[in-house]
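Subject: Structure handover

Hello,

Here is the structure I promised to pass on. Please open it next to this message and follow along.

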Amino acid sequence: YELTRGVNATPITVNNTGGNPESWSIFPDLPEGLVFNEYDGTITGTPVNNMTATSYQIRAENLGGSSTSTIIITVVEPEPILNISDNNITIYVGDSLENISITNSGGPIANWTITPALPEGISFSEYHQVIFGSPVTVSSGIYTISAINSGGISSVEFNLTVLTTPPELSTASSLSEFLLIRGEEIETISI
């Protein structure tokens, strides 16, 4: 049985096809937050801590004898739940990318992955959970950031387009208007 830390567990019951038990017991003791009902052999509750796979012996007895069943319980983290502050990003080569935040409203994250690799100059900080940097080449793609823990995986996608810096024209003169006279040769105007 795989249970999630902090989440109320669906009751765990052992199937009995024999006579009615007069007593129930479990060994070893259940972890904090889980309760064994000695009247019907049911396990209920909300696990407090993570736990690797652990075997438990449930024993039912009556005057005719006893029977034992083994169950295995694992308690995992709640799965991460990711959100991104902007999933459609356009930036120019050389410009500074404002921090794009990745937030997690689920369980703690053990590992991160990003596919495909981010363009040169763009990075992801696992500690601060932000995408940042200054791209050095033109590129475009859909990227997936995934967060993984013992409870599962959560992913967010975003589109990142890096464009060539647009031209910026200006005149050599502070004037933006020129007076031209018909029939007279004009001097070269530098832009």
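Below is what I found, from the overall fold down to single residues.

**Overall**

Please keep in mind that this is a predicted model. The protein has 14 strands and zero helices. Read from the N terminus, the order of elements is simply β-β-β-β-β-β-β-β-β-β-β-β-β-β. The protein is more spread out than a compact globule, because its radius of gyration is 32 Å, well over the 16 Å that the globule rule gives for 191 residues. The C-alpha trace spans about 125 × 25 × 25 Å along the principal axes.

Of the 191 residues, 29% are buried. The exposed surface comes to about 12400 Å². Carbon and sulfur atoms supply 49% of that surface. Now take the contacts between residues at least 6 apart in sequence: 58% of them join residues at least 24 apart.

**The largest pocket**

The largest pocket has a volume of about 240 Å³. Its lining counts 17 residues. Nearest the centre are Asn16, Pro21, Ala60, Ser66 and Ser67. Two strands, β5 (51-62) and β6 (65-76), each supply at least two lining residues. By class, the lining holds ten polar, five nonpolar and two charged residues.

**Two buried strand residues**

Start with Ile122, which sits in strand β11. Ile122 has a relative accessible area of 6%, so it counts as buried, the cut-off being under 20%. What does Ile122 touch, leaving aside neighbours within four places in sequence? The contacts are Leu97, Ile131, Phe132, Gly133, Ser134, Pro135 and Leu160. Gly133 is eleven residues from Ile122 in sequence, yet their C-alpha atoms are 4.5 Å apart.

Next is Thr161, in strand β14 (residues 152-163). Is Thr161 buried or exposed? With a relative accessible area of 16%, Thr161 is buried. Not counting residues up to four places away in sequence, Thr161 touches Ile89, Thr90, Ile91, Ser139 and Ser140. One of these, Ser139, is 22 residues from Thr161 along the chain. The C-alpha atoms of Thr161 and Ser139 are separated by 6.0 Å.

**Backbone points to check**

Most peptide bonds are trans, and most residues other than glycine have a negative phi.

- Pro28 lies in the loop between β2 (23-27) and β3 (34-36).
- Thr115 to Pro116: this peptide bond is also cis, with omega near -15°. Pro116 lies in the loop between β10 (111-115) and β11 (122-125).
- Gln129: phi is positive, about 55°, although Gln129 is not a glycine. Gln129 lies in the loop between β11 and β12 (130-133). Gln129 is partly exposed, with a relative accessible area of 23%.

The loop with Pro116 runs between β10 and β11, Ile122 is in β11, and the loop with Gln129 runs between β11 and β12.

Best wishes

Notes: Residues numbered from 1 in each chain as written. Predicted model: local features only at pLDDT ≥ 70, side-chain atom pairs only at ≥ 80, totals over all residues. Heavy atoms only, no water. Helix = DSSP H or I, 4+ residues; strand = E, 2+ residues; numbered from the N terminus. Rg over C-alpha atoms; globule rule 2.2 N^0.38 Å. Buried < 20%, exposed > 50% of the residue type's maximum accessible area, 1.4 Å probe, protein only. Contact = heavy atoms within 4.5 Å. Areas by Shrake-Rupley, 256 points an atom, 1.4 Å probe, with all protein chains shown as cover. 1 Å grid on protein atoms, 1.4 Å probe; cavity = no way out; pocket = protein on both sides within 12 Å on 5 of 7 lines; lining within 4 Å. Points joined across faces, edges and corners; volume = space filled by probe spheres on them. Nonpolar A, V, L, I, M, F, W, Y, C, P; charged D, E, K, R; others polar.
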